[in-house]
Structures are given as structure tokens and as C-alpha cells.
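Please open the model in your viewer and get your selection tool ready. We will walk through some charged side chains together.

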Amino acid sequence: MTFEKKILCIGAGYVGGPTMVMIASKCPDCRVTVVDINPERIAAWNSADLPIYEPGLEELVRQTRGRNLFFSTDIEGGIRENDIIFVSVNTPTKTFGLGAGMAADLQYWEKTARQILEYSESSKIVIEKSTLPVRTALAMERILNCRENGISFDVLSNPEFLAEGSAVRDLEQPDRVLIGSRETPGGQKARQQLVDIYARWVSRERIITSNIWSSELSKLVSNAFLAQRISSINTISALCEKTEADISEVSLAVGMDSRVGPKFLNASIGFGGSCFRKDILNLVYLCRNYGLDTVADYWESVVKINDYQQERFIRNILGAMFNTLAGKKICLWGFAFKANTGDTRESPAIFIARRLLEEQAEIVVSDPKALKNARLDLAGVPGKISYVEDPVRAAEGCHAIAVLTEWDLYRHQDFRQIFAFMAKPAFIFDGRNILDHRRCFEIGFNVYPVGKPALVHF
């Protein structure tokens with residue numbers, strides 16, 4: 001079969017994999033290849049057990065894999081054979097040297113840029129899909145265009161705005177697609193090629209074009225604004241608990257203001273995931289680098305409030321359970337950083353589990369999709385840990401349940417049965433405010449929501 005376009009994505013993770021699956025699904029006349037250095041990840045993409053869980057993803061993979069969607073470890077061949085290359089490699093926070101703990105670690109990104117330069121035998125469009133600091137494209141351009149051999153590279157920025165757990169829906173019906181380029185004839189021509197791909201299924205008014213620096217910065221700012229809303233409402237949840245106000249009622253009243261809106265105003269144990277913390281700290285580092293210390297302090301406070309909220313949750317558990325957790329068994333309902341994903345990166349559950357173990361509690365971890373990752377996250381952590389997928393069995397003999405992920409299945413359990421088989425007094429700490437607190441209290445639980453008065457029997 002002759003394909004109209006040949007597309008490569010370097011990086012088969014949470015962004016690259018689903019994005020390429022959607023492009024292959026919507027553009028059957030395009031050949032889409034996804035490559036990665038991790039052979040186990042590629043083998044999983046080629047199997048019935050995909051390396052990531054997203055509702056609707058498995059069906060799309062079955063429809064396209066082997067037809068116009070391919071997964072491979074041959075990075076060199078992929079670069080040679082394809083005309084459009086998405087770069088979706090990991091850009092974690094640096095753990096060493098200048099900027100450690102804040103700046104983006106760009107070693108994998110630079111290695112990929114040099115591979116593209118080495119193996120390219122024809123001109124390419126190279127698209128930044130990873131979340132990168134503003135002006136990274138300039139470094140990419142300098143690496144790619146350092147040789148005078150007749151081969152040229154146009155660099156575009158096309159940041160992802162996916163929410164894990166709804167990635168397929170977000171790709172199919174995006175709020176917007178953002179494509180940044182140099183404002184040169186070559187840059188604009190390359191940008192139009194990418195616009196034409198997305199326009200196969202996305203309406204033109206939702207495809208935004210900009211200069212490349214605006215595109216790079218927009219991704220960081222979008223995540224920073226969303227995280228800021230979460231931290232803002234969490235600060236008010238602490239005040240509600242002191243004043244007997246109800247955070248749900250406050251959130252409803254505030255969110256009904258059309259200037260504010262209701263999204264990301266649910267009080268909780270805080271945000272997690274691979275993006276929010278990393279991107280905010282990257283933004284903080286950039287601001288400090290440009291001498292904008294007051295701006296940096298403002299955004300850094302968003303992360304500090306998130307850490308505070310998680311520690312506050314632990315202190316509430318400790319205070320409610322008579323200031324000692326030693327020898328007590330606590331069931332964690334949920335370990336993924338949010339529902340409908342198995343991703344545990346930066347999950348609040350990791351911090352909470354570690355803190356409970358420091359208090360010498362025994363923990364039972366339950367999650368429908370994230371137990372494999374939970375085992376990896378807690379490997380080597382001292383203390384007694386068990387893993388039970390079924391939330392009812394996990395709670396047997398426990399002194400308390402801590403709801404850490406908003407999985408819908410937790411709302412619909414037989415709480416009378418659960419209460420009967422727990423140690424007494426039995427506690428529920430609802431870190432996501434998803435349960436029927438009054439009903440649980442009437443069954444016999446002592447219930448501690450976030451940002452609401454506790455319901456206790458003593």
C-alpha cells in the first residue's frame with residue numbers, strides 16, 4: 001500500500017502512544033510508526049496487554065495495528081524512512097547539578113535530536129511533543145542544522161493537552177490543538193502540513209497556530225493554572241475544617257460564577273501525575289533564570305500548598321486515631337494519581353503510604369489498575385505492605401480506609417459488609433470526597449472528609 005505521509009514518533013509513553021494511535025485511526029492513508037528504546041514497552045504495544053490503560057485505547061489499537069500503525073525498536077530505520085518525526089521522549093525534573101529539583105532534564109531530548117541528525121538522509125519536519133522549556137526549539141534547530149549537507153529540518157511545537165483517564169476522548173474531541181512554528185516561509189509551510197493532518201478530524205477553529213515560543217510556554221502555563229486552582233481550593237478546605245463550613249458548598253457557590261467556572265475546584269489530597277509538579281517547577285526555574293524571583297515565588301507556592309495538603313491529611317489521620325498508628329492496619333483505596341489510569345507518577349498515595357509506614361502502620365494497597373506500579377513505587381520501603389485488588393477484601397480487619405483515588409467503584413460498595421469485618425472503631429478518611437459520608441456514619445464509621453466537618457461517634 002502507498003501511504004500519503006510517513007509519520008514517526010520517538011517515544012512510546014503516555015503521550016506518544018495514544019497520540020499516534022489516534023492519528024493512525026483518523027488518517028488511514030498515513031503510515032504511523034512508534035519507536036522506543038525500551039523493548040519491553042514495544043513488546044507490550046504489540047501484545048494484547050498494552051503498557052498503559054486508557055478507556056477506548058485498546059479498541060483503537062486493534063483496529064489500526066498492523067494496518068497503518070506499527071511499533072518498533074528500530075529508531076535508526078524509523079528516522080531514515082519517515083518524513084514527519086514527533087519527539088515524545090521523557091523530560092523529567094533534573095536530580096543533579098544546576099537546577100536540580102526544578103529544571104527539566106533534557107539529556108534524552110538532546111540524544112534524540114542528535115540521532116535524528118545522524119540518521120536522516122532527507123529533509124524532515126521535527127515536532128516537539130514532549131513538554132519542554134520555552135526556547136528549547138532554538139537548541140533543537142542548532143543541533144539539527146549544524147551540517148551543510150543539503151538536508152534541512154523545520155522544527156514545530158505541538159504540545160499535548162491530554163488528561164490521563166480521558167486521553168482518547170481528549171484526542172478525538174480536543175479543546176484545541178496548538179501548533180507553533182517559526183514565522184518563516186519554511187516554518188509556515190511545515191506548520192500547514194501538521195494542520196492538515198489534524199484537520200482530518202478536528203474543526204479548523206480549534207486548531208490554533210502561533211509562534212514557536214508561545215506554543216512552548218502555553219503548555220507550562222496551562223498546567224500551572226490548573227494546578228493553581230487545585231491548590232487554591234485546598235487552602236480553603238483547611239479553613240473550612242476549622243470553621244465548620246463545607247468545602248463542597250463553597251466550591252459550588254464559587255464555581256457558579258461564570259468568570260470562575262466549576263472545573264478543578266474539588267478539594268482533595270492534592271494533585272499528582274507526571275506533569276503538574278514538573279511543569280510548575282520548570283516554570284519556577286525559568287522565572288528565576290530570568291530574574292523574576294517574585295513571579296517564581298508565586299508559582300512555587302502552588303507546589304508547597306500541594307505538599308502541605310498531603311501532610312495535613314496524614315496529621316488528620318494521626319489525630320483522629322488517638323495520635324498513634326503503630327500496629328494499626330490501614331487500607332488504601334486507590335494508588336493511581338487519578339481515576340481511569342494505572343499511572344502512579346507523583347501520586348499523593350506514594351507520599352501518604354510512606355508516611356503511614358513511618359508511623360509504623362501496616363498498609364493494604366488496593367487499586368483496580370495500578371497495583372503493579374504501586375509495588376514498584378514502594379519497593380524497598382521498610383514496613384508491612386500487602387496488595388489486594390478487591391476493595392472489600394482489602395479492608396477486612398483494617399482499622400481505617402483512606403480513599404486516595406476517585407475510582408467510581410468505591411462509591412458503590414456494600415459498606416455494611418465492610419464495616420462488619422473491620423476493627424472497631426472503624427474510620428474512613430475520604431481524601432477525594434466521593435463517598436456518601438452521612439450514610440457511612442449511620443452504618444457506624446467515623447468519617448473524616450476533606451474540607452467538611454467530621455462525623456464521629458465519640
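Is arginine 114 buried, exposed or partly exposed? Select arginine 114: this residue is partly exposed, at a relative accessible area of 46% (buried means under 20% relative accessible area, exposed over 50%, partly exposed in between, with a 1.4 Å probe and protein chains only). You are looking at a predicted model, where local features need pLDDT of at least 70, side-chain atom pairs count only at pLDDT 80 or more, and totals for chains, interfaces and linings use all residues. Residues are numbered from 1 along each chain as its sequence is written, and side-chain values use heavy atoms, leaving out hydrogens and water.

Next, select arginine 345 and glutamate 164, joined by a salt bridge of 3.5 Å, N to O. This pair links distant parts of the chain, 181 residues apart: arginine 345 lies in the loop between strand S9 (329-333) and helix H13 (348-358), and glutamate 164 in the loop between strand S6 (153-157) and helix H7 (167-172). Glutamate 164 is buried at 13%, while arginine 345 is partly exposed at 34%.

Finally, show Glu311, Arg315, Arg355, Glu358 and Glu359, which a network of salt bridges links. The structure holds 27 salt bridges.

Methods:
Salt bridge = Lys/Arg side-chain N within 4 Å of Asp/Glu carboxyl O. Helix = DSSP H or I, 4+ residues; strand = E, 2+ residues; numbered from the N terminus.
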